[in-house]
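I opened this model today and kept a running notebook while I clicked through it. Here are my entries, in the order I looked things up.

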Amino acid sequence: LRPSVSVPDPGAPPGGGAVPDSPLVEAKSLRKVFSLPRTAGGARTLTAVDDVSLDIRRGETLALVGESGSGKSTVARLLLRLDKPTSGSVEFDGVDLASAKGEKLRQLRRRFQVVFQSPYASLDPRFTVEDIIAEPLRAFAEGSTLDRKRRVEALLDEVHLPADYAGRRPAELSGGQRQRVAIARALALKPELVVLDEAVSALDVSVQAQILTLLAELQVQEALSYLFISHDLAVVQQISDRVAVMQAGKLVEMGGAIDVLENPAEDYTRQLVSAIP
Ligand code: ADP
Ligand code: MG
């Protein structure tokens, strides 16, 4: 499925955690219930995520798939601690995210990053590429001004953008180039997990392929784990090691990518797979 990329030997020591083979992220029985504005006779709550348990292993790409509204982004927000679960827990490298506060939470946060679908919306049009990529470094007071400039140069090189793009603004970039900038910014603090929430969905197929190749390359170079969220199984089959399938807030199927995509156990997954061209 991802011929140019080798998955780390599961017997090898993990990237930094103390417990061998422990997952990088472990979510247990996550539920998220939203309160909705009161409507006459209508339901007042919506269970967006319902009893979802999953783990993300070190160095792997776990794809989270399902149709629009199935709860994928809400799961991502809970894993990234951008939102709190109604019940259930998330551990990152053995640390419970709900109990982490202050400086401990800040230091955990730098270890997981996210790239969203629309790079134009997430890249502030007023800032230069250099400012955008260096922003997390400034936020964490990482290095001197010169160090940060050098780090931006290295990151531009890693995502295969010319060094002179540092002075450009988002409006002067193509969609694919903007997504490369968003990826460079996500990598600035050397995270262990990158959540890619529909990160290639807005791009043309040929640009998608280039970004997927880049992501595969960076995964090996930077020893990254990915949570790759997409409604598009044709894209997912190019990049994932395992696939988790969501339907109406529930995780209905999870397993090795080849098993799930070639031999789905659930009717729902079969329908999603049948849409692959
Ligand atoms: P997906 O990413 O799979 O398209 P989402 O996680 O964005 O799905 O949404 C799952 C469900 O939760 C949808 O019905 C959506 O309308 C609802 N939802 C998401 N965020 C909120 C929110 N902040 N308030 C109320 N409902 C929400
Ligand atoms: Mg979404």
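**Entry 1: what I am looking at.** I noted at the outset that this is a predicted model.

**Entry 2: the ligand shell.** Which residues are around ligand 1? I listed F34, L46, A48, G66, S68, G69, S70, G71, K72, S73 and T74. I then sorted this shell by class and got three nonpolar, seven polar and one charged residues. Next I asked which elements supply at least two residues of the shell around ligand 1. I found β2 (45-56) and α1 (72-79). Of the contributors, α1 gives the most, with three residues.

**Entry 3: the open sheet.** I traced four strands that form an open sheet, in the order β2-β1-β4-β5, with antiparallel pairing. The edge strands are β2 and β5 (95-96), and each of them pairs on one side only. I also looked up how β1 (residues 25-35) meets β4 (residues 87-92): five bridges join these antiparallel strands. As one example of a bridge, E26 has E91 in β4 as its partner.

**Entry 4: strand β3.** Is β3 enclosed or open? I found that five of its five residues are buried, so β3 is largely enclosed by the rest of the structure. I checked the directions too: T61, A63 and V65 point one way, L62 and L64 point the other way, and all are buried.

I then looked for the pairing partners of β3. With β8, the pairing is parallel and runs over five bridges; here L64 stands opposite I229. With β9, the strands also run parallel, joined by four bridges, and A63 stands opposite V243.

Entry 5: I picked V65 because it is buried, with 27 other C-beta atoms within 10 Å; my cut-off for buried is 20 or more. V65 is in strand β3. What does V65 touch, not counting residues up to four places away in sequence? I wrote down S230, H231, L233, V236, V243, V245 and L272. I also took one distance: V65 and I258 are 193 residues apart in sequence, and their C-alpha atoms are 14 Å apart in space.

**Entry 6: the β9-β10 hairpin.** I followed β9 (residues 242-247) into β10 (residues 250-256) and found six bridges between these antiparallel strands. Q247 has K250 in β10 as its bridge partner. The hairpin has two residues between the strands, and A248 takes a positive phi near 45 degrees there.

**Entry 7: helix α7.** I took the span of α7 (residues 205-222), which has 18 residues. From first C-alpha to last it reaches 25 Å, close to the 26 Å expected at 1.5 Å a residue. Which residues of α7 are buried? They are Q208, I211, L215 and Q219. Seen down the axis of α7, these fall within an arc of 85 degrees, so they line one face of the helix.

I looked up what the buried residues of α7 pack against and found β3 (61-65), α6 (175-187), β8 (225-230) and α8 (233-239). Just after α7, A223 takes a positive phi of about 50 degrees.

**Entry 8: V200 in a loop.** I found V200 in the loop between β7 (193-197) and α7. Is V200 buried or exposed? It is buried, with 26 other C-beta atoms within 10 Å. V200 touches Q208, I211, L212 and V235, again leaving out residues up to four places away in sequence. So that I had a distance here as well, I noted that the C-alpha atoms of V200 and V181, 19 residues apart along the chain, are separated by 13 Å.

**Entry 9: helix α4.** My last stop was α4 (residues 129-139), where V129, I132, I133, A134 and L137 are buried. These buried residues pack against α5 (145-158) and α6. Just after α4, I noted that A141 takes a positive phi of about 50 degrees.

How values were computed
Residues numbered from 1 in each chain as written. Chains lettered and ligands numbered in written order. Predicted model: local features only at pLDDT ≥ 70, side-chain atom pairs only at ≥ 80, totals over all residues. Near = placed C-beta within 6 Å. Nonpolar A, V, L, I, M, F, W, Y, C, P; charged D, E, K, R; others polar. Expected span 1.5 Å × (residues − 1). Buried ≥ 20, exposed ≤ 12 C-beta atoms within 10 Å, placed from the backbone. Arc of directions from axis to C-beta. Contact = placed C-beta atoms within 7 Å. Pairing = 2+ DSSP bridges.
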